[in-house]
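User: I have a model open and would like to go through its packing and its surface. Could we start with the terms we need?

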Amino acid sequence: MTAAPQTPVEQPFGIDPRGPRFGASITAVLLLVVVLLGLIEPLGADLAARALQPAALLLTVLVGLFAWGAFAGIQKHPYGLVFRRVIAPRLAPPTEREHPAPPTFAQLVGLLVTATGLVLHLLGVPGALVVAASAAFLAAFLNAVFAYCLGCQLYVLLVRLGIIRRSASPA
(Lines give C-alpha, C1' and ligand atoms only; values in the text may rest on other atoms or scores of the structure.)
Protein backbone atom coordinates (compact mmCIF):
# COMPACT_ATOMS: atom_id res chain seq x y z
CA MET A 1 0.00 0.00 0.00
CA THR A 2 1.49 3.31 -1.03
CA ALA A 3 0.75 6.64 0.54
CA ALA A 4 -1.02 9.23 -1.52
CA PRO A 5 1.30 11.99 -2.72
CA GLN A 6 1.01 15.05 -0.60
CA THR A 7 0.27 18.28 -2.34
CA PRO A 8 2.23 21.22 -1.04
CA VAL A 9 0.23 23.70 0.94
CA GLU A 10 0.20 26.94 -0.97
CA GLN A 11 1.52 29.79 1.11
CA PRO A 12 -0.27 33.07 0.60
CA PHE A 13 1.83 35.71 -1.08
CA GLY A 14 3.06 38.62 0.99
CA ILE A 15 4.43 39.30 4.40
CA ASP A 16 2.83 39.55 7.80
CA PRO A 17 2.42 43.33 8.29
CA ARG A 18 3.22 42.92 11.98
CA GLY A 19 6.83 42.03 11.05
CA PRO A 20 7.78 45.48 9.71
CA ARG A 21 6.04 47.08 12.70
CA PHE A 22 8.16 44.92 15.02
CA GLY A 23 11.30 46.03 13.18
CA ALA A 24 10.16 49.65 13.24
CA SER A 25 9.76 49.41 17.03
CA ILE A 26 13.35 48.29 17.48
CA THR A 27 14.57 50.87 14.97
CA ALA A 28 12.65 53.68 16.68
CA VAL A 29 14.22 52.88 20.05
CA LEU A 30 17.73 52.75 18.55
CA LEU A 31 17.19 56.00 16.63
CA LEU A 32 15.97 57.70 19.80
CA VAL A 33 19.23 56.63 21.48
CA VAL A 34 21.16 58.11 18.52
CA VAL A 35 19.27 61.40 18.88
CA LEU A 36 19.88 61.59 22.63
CA LEU A 37 23.57 60.73 22.28
CA GLY A 38 23.91 63.21 19.43
CA LEU A 39 22.39 65.96 21.55
CA ILE A 40 24.75 65.46 24.49
CA GLU A 41 27.96 64.99 22.50
CA PRO A 42 29.82 67.97 21.08
CA LEU A 43 30.79 67.73 17.42
CA GLY A 44 34.21 66.07 17.22
CA ALA A 45 37.17 68.17 16.12
CA ASP A 46 38.34 65.85 13.34
CA LEU A 47 36.96 63.04 11.19
CA ALA A 48 38.28 60.25 13.43
CA ALA A 49 36.77 61.85 16.55
CA ARG A 50 33.39 62.29 14.81
CA ALA A 51 33.42 58.73 13.43
CA LEU A 52 34.12 57.22 16.85
CA GLN A 53 31.36 59.06 18.69
CA PRO A 54 28.80 56.58 20.08
CA ALA A 55 25.93 58.26 18.18
CA ALA A 56 27.83 57.97 14.90
CA LEU A 57 28.76 54.35 15.57
CA LEU A 58 25.16 53.39 16.36
CA LEU A 59 23.88 55.28 13.33
CA THR A 60 26.45 53.43 11.20
CA VAL A 61 24.96 50.14 12.39
CA LEU A 62 21.47 51.40 11.55
CA VAL A 63 22.61 52.53 8.10
CA GLY A 64 23.88 48.98 7.56
CA LEU A 65 20.56 47.51 8.68
CA PHE A 66 18.63 49.84 6.37
CA ALA A 67 20.94 48.80 3.51
CA TRP A 68 20.34 45.15 4.34
CA GLY A 69 16.58 45.65 4.18
CA ALA A 70 16.73 47.78 1.04
CA PHE A 71 19.00 45.53 -1.01
CA ALA A 72 18.45 42.01 0.38
CA GLY A 73 14.73 42.60 0.83
CA ILE A 74 12.53 43.00 3.85
CA GLN A 75 12.02 39.23 4.04
CA LYS A 76 15.74 38.69 4.74
CA HIS A 77 16.19 41.54 7.21
CA PRO A 78 17.44 40.40 10.64
CA TYR A 79 14.41 41.90 12.42
CA GLY A 80 12.12 40.02 10.04
CA LEU A 81 13.93 36.75 10.71
CA VAL A 82 13.57 37.26 14.47
CA PHE A 83 9.90 38.11 14.03
CA ARG A 84 9.17 35.03 11.90
CA ARG A 85 11.11 32.60 14.09
CA VAL A 86 10.45 33.93 17.60
CA ILE A 87 7.43 36.25 17.65
CA ALA A 88 5.07 35.06 14.88
CA PRO A 89 4.72 31.47 16.13
CA ARG A 90 3.31 32.87 19.38
CA LEU A 91 0.69 34.98 17.57
CA ALA A 92 -2.49 34.15 15.72
CA PRO A 93 -2.03 33.93 11.95
CA PRO A 94 -2.25 37.32 10.24
CA THR A 95 -5.68 38.33 9.00
CA GLU A 96 -4.11 39.94 5.96
CA ARG A 97 -0.77 40.04 4.20
CA GLU A 98 0.98 42.88 2.42
CA HIS A 99 3.22 43.10 -0.60
CA PRO A 100 6.89 43.29 0.47
CA ALA A 101 7.78 46.00 -2.08
CA PRO A 102 6.52 49.07 -0.15
CA PRO A 103 8.27 48.15 3.15
CA THR A 104 11.43 47.29 1.20
CA PHE A 105 11.24 50.69 -0.50
CA ALA A 106 10.76 52.25 2.96
CA GLN A 107 14.07 50.67 3.98
CA LEU A 108 15.71 52.43 1.03
CA VAL A 109 14.23 55.75 2.16
CA GLY A 110 15.53 55.11 5.69
CA LEU A 111 18.93 54.29 4.23
CA LEU A 112 19.05 57.54 2.25
CA VAL A 113 17.99 59.67 5.22
CA THR A 114 20.33 58.11 7.78
CA ALA A 115 23.31 57.76 5.42
CA THR A 116 22.99 61.42 4.43
CA GLY A 117 22.95 62.46 8.08
CA LEU A 118 25.95 60.26 8.85
CA VAL A 119 27.99 61.55 5.91
CA LEU A 120 27.20 65.17 6.76
CA HIS A 121 28.12 64.51 10.39
CA LEU A 122 31.44 63.02 9.33
CA LEU A 123 32.04 66.10 7.18
CA GLY A 124 31.53 68.26 10.27
CA VAL A 125 28.04 69.69 9.63
CA PRO A 126 26.65 70.55 13.08
CA GLY A 127 23.35 68.89 13.90
CA ALA A 128 23.17 66.75 10.74
CA LEU A 129 23.27 63.48 12.64
CA VAL A 130 20.54 64.55 15.06
CA VAL A 131 18.27 65.94 12.33
CA ALA A 132 18.56 62.84 10.15
CA ALA A 133 18.12 60.45 13.08
CA SER A 134 15.11 62.49 14.27
CA ALA A 135 13.47 62.31 10.85
CA ALA A 136 14.06 58.56 10.66
CA PHE A 137 12.82 58.18 14.25
CA LEU A 138 9.58 59.97 13.38
CA ALA A 139 8.98 57.61 10.44
CA ALA A 140 9.81 54.50 12.49
CA PHE A 141 7.64 55.70 15.39
CA LEU A 142 4.65 56.29 13.10
CA ASN A 143 5.03 52.80 11.68
CA ALA A 144 5.56 51.11 15.04
CA VAL A 145 2.76 52.85 16.94
CA PHE A 146 0.16 53.74 14.30
CA ALA A 147 0.98 51.28 11.46
CA TYR A 148 1.51 54.28 9.19
CA CYS A 149 4.54 53.71 6.98
CA LEU A 150 5.76 56.95 5.39
CA GLY A 151 8.13 55.13 3.03
CA CYS A 152 5.28 52.84 1.94
CA GLN A 153 3.08 55.86 1.24
CA LEU A 154 5.90 57.41 -0.79
CA TYR A 155 6.20 54.15 -2.75
CA VAL A 156 2.47 54.20 -3.60
CA LEU A 157 2.67 57.87 -4.62
CA LEU A 158 5.67 57.26 -6.90
CA VAL A 159 3.92 54.28 -8.51
CA ARG A 160 0.78 56.35 -9.11
CA LEU A 161 2.85 59.11 -10.68
CA GLY A 162 4.55 56.55 -12.91
CA ILE A 163 8.01 57.38 -11.57
CA ILE A 164 8.61 53.79 -10.46
CA ARG A 165 6.94 50.55 -11.57
CA ARG A 166 4.99 48.42 -9.16
CA SER A 167 6.89 45.31 -8.21
CA ALA A 168 5.20 42.16 -9.57
CA SER A 169 4.06 39.31 -7.37
CA PRO A 170 6.16 36.17 -7.75
CA ALA A 171 4.47 33.36 -9.66
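Analyst: Helices here are DSSP runs of H or I with at least four residues, numbered from the N terminus. A nonpolar patch joins nonpolar side chains within 5 Å, taken from residues with over 30% relative accessible area and no salt bridge. Please note that this is a predicted model.

User: Which residues make the nonpolar surface patch?

Analyst: Phe 141, Val 145, Phe 146, Tyr 148 and Leu 150 make a nonpolar surface patch of about 460 Å². Helix 6 gives the largest share of the patch, three residues.

User: And where is Leu 150 placed?

Analyst: Leu 150 belongs to helix 7, which covers residues 150-160. Its relative accessibility is 36%, so Leu 150 counts as partly exposed.

User: What does Leu 31 touch, leaving out residues up to four places away in sequence?

Analyst: On that basis, Leu 31 touches Leu 59, Leu 62, Thr 114, Ala 133, Ala 136, Phe 137 and Ala 140.

User: What about Gln 107: buried or exposed?

Analyst: Gln 107 is buried, because its relative accessibility is 15% and the cut-off for buried is under 20%. Gln 107 sits in helix 5. Not counting residues up to four places away in sequence, Gln 107 touches Leu 65, Phe 66, Gly 69, Ala 70, Ile 74 and His 77.

User: Now charges. How many salt bridges does a search of the whole structure find?

Analyst: The search finds one. Arg 18 pairs with Asp 16 in a salt bridge, and their closest N and O atoms are 2.7 Å apart. In general, side chains of opposite charge can pair when their charged atoms come close.

User: Is Asp 16 buried or exposed, and what is the relative accessible area of Arg 18?

Analyst: Asp 16 counts as buried, at 11% relative accessibility. Arg 18 has a relative accessible area of 28% and is therefore partly exposed.

Notes: Residues numbered from 1 in each chain as written. Predicted model: local features only at pLDDT ≥ 70, side-chain atom pairs only at ≥ 80, totals over all residues. Heavy atoms only, no water. Contact = heavy atoms within 4.5 Å. Patch = residues over 30% accessible without salt bridge, like charges linked within 9 Å, V, L, I, M, F, W, Y side chains within 5 Å. Areas by Shrake-Rupley, 256 points an atom, 1.4 Å probe, with all protein chains shown as cover. Salt bridge = Lys/Arg side-chain N within 4 Å of Asp/Glu carboxyl O. Helix = DSSP H or I, 4+ residues; strand = E, 2+ residues; numbered from the N terminus. Buried < 20%, exposed > 50% of the residue type's maximum accessible area, 1.4 Å probe, protein only.
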